Amino acid sequence: MLKLKFVGAIQGVTGSCSWLWHTESDTQFLIDCGIHQGPHHIEWLNRKGFPFNPSEIQYVLLTHAHIDHCGLIPKLVSEGFRGWVYCTQATKEVAIELLTDTAKISQLYSQDEVDGINWHVIDGGDFTWGRILTLSDDLIATYNRGSHVLGGCSVSVSWAKEPGAKLKDFASIHFSGDLGCQTDDNPYLPLMKADHSPYPNAEYIVTESTYGNRCRESKCWQTRTSNLADIILRTVSQKRGKVLIPSFAFHRMQELIADLWTIAANQDERLQSELSDRQQLRVLCHSPLSNRINRVYSEQLGKVLKNGKLQYLSNELTQRTLCTTADILELYGALHKGQSVRNRRMMFSAASSGRKRGVASPCEHNLKDADVILASSGMCDRGPSSEYLRLLRDDPKNTIILTGFQAAGSAGRELLEGAHAGAEVVDMSSHYSGHGDQQRLIDNVFELGGYPAEAKGTTIFINHGEPDSKQALQQAILDRSAAARPGDRKIEQVLIADSTWFDLTKGAYIDEAEDSEYIQAEIRRLQALLNAR
């Protein structure tokens, strides 16, 4: 029997963690183990004990490096986890940077616990997506490409319903991780190839639902980059001001760099005309964390599969930027090293956060040599962006462009709600979100990849979303299923995830009061807690 229990992201969009237990081999493992983010009563959940004994967990199958998916792995280590964390090389390297940063500010764990993680990189050697990873007898896992962030993946777990069953007869469950918004026919955001679809024979699909109740209005990269260029040139050339773009250090910063690189390539004549009184548009990237992550992009974004195809990088980007793959990788590598790079009428440079003698504020000093500032963090509550905001927000000549989600109570949310003194505020977050919207989520669930003959009736679990988003997505999937479109996956039922054990082999919830294995596990867990005292 393979049992599933959702531990995190049940009531919201953070703290992703799913607990699976293969009873025949007594193999317990997790899909992700993330931090809960939000108000104090949400973050308090990070202090609670795990509902399982960490020492009995053998694997964490990590979908990607965002902290709400990997942020509690060091805590898992501190409480006895000695198993392996499976993920891509890119995810491992970015996660180490993010976890190191979190260890400094969260007080949840120390750097020693971060260093104590046993990583197992899945994409070494002659790698192809879908490579089989054996977890135990009659239990395997496979990773497939995601487009949410660099290194991101979906994970499928397959198991034998009967001892000795052949691989083709295994049952399987697909975990979407965070689904991106890219498609093969419209790689909308600049960097990543499209997500792979769930296998046609998947009996279960666990899908996120962050944007389960909304659809993106614009899915056109030309519109996005043109709008961005309009705002920048109007501010710099006409208003004689500066542009601040607060940005998340991981992936959003790299996407913005790629978009500005694209603008430089496609709007060179316009830049030359509107910047006639100056030599170039000066773009400053100020984020120590992002600059470290740029190294990973320079080394991993252009990685090649066994079949010679790029593992991650969209072929569209080289066409949009009129550059080679090597040029793009060199850009990120140069910024990591603190070097400046020029592309036609744009000069890109990375700021140093170190204090200079006689300068009260490094940010104030940097403003003298910058027209556009990309600065972390994305919600303006800390990091360089908070200091640049203080310096720029009161002057109507300046523009602040928001490109990501702004949580309630954040400085970025206050800007959106009009609490600013003078600078123009533009919200471009709908253009940049890395999450698939409702239509993308639905399409991903129903796609069969051209193999309808292999399709089975599928149960959908909806997780990782606010309650209204989950309910809206549930109804939308049911409506699409009722339409019975030719070529669509057949959906048996659509369930909103909760914390009740589910028997994936029998397809039914488990009465925990009557489940002897569950009771024995609880006894072992309580004994471990008592021994720890």
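This is a predicted model: local features need pLDDT of at least 70, side-chain atom pairs count only at pLDDT 80 or more; totals for chains, interfaces and linings use all residues.
## Starting with A9

A9 isn't a glycine, yet its phi is positive, near 60°. Is A9 buried or exposed? It counts as buried, because its relative accessibility is 3% and the cut-off for buried is under 20%.

## L322, another positive phi

Now jump to L322, in the loop between α10 (315-321) and α11 (325-336). L322 isn't a glycine either, and its phi is positive at about 60°. L322 is exposed, because its relative accessible area is 54% and exposed means over 50%.

Next up is E24, which you'll find in the loop between β2 (17-22) and β3 (27-31). At 54% relative accessibility, E24 counts as exposed.

What does the side chain of E24 reach? It gets to the backbone nitrogen of M1, at 2.3 Å. Have a look at S136 too: E24 and S136 are 112 residues apart in sequence, while their C-alpha atoms are 9.6 Å apart in space.

## A cis peptide bond

Last stop: S376 and S377. Which kind of peptide bond joins S376 and S377? It's a cis one, with omega at about 5°. To find S377 on the structure, look in the loop between β16 (372-375) and α13 (384-392).

Methods. Residues are numbered from 1 along each chain as its sequence is written. Side-chain values use heavy atoms; hydrogens and water are left out. Helices (H or I, at least four residues) and strands (E, at least two) are DSSP runs, numbered from the N terminus. Buried means under 20% relative accessible area, exposed over 50%, partly exposed in between (1.4 Å probe, protein chains only). A polar contact is a pair of N or O atoms within 3.5 Å; within protein, one must be able to donate a hydrogen and the other to accept it, and residues adjacent in sequence count only if both atoms are side-chain atoms.
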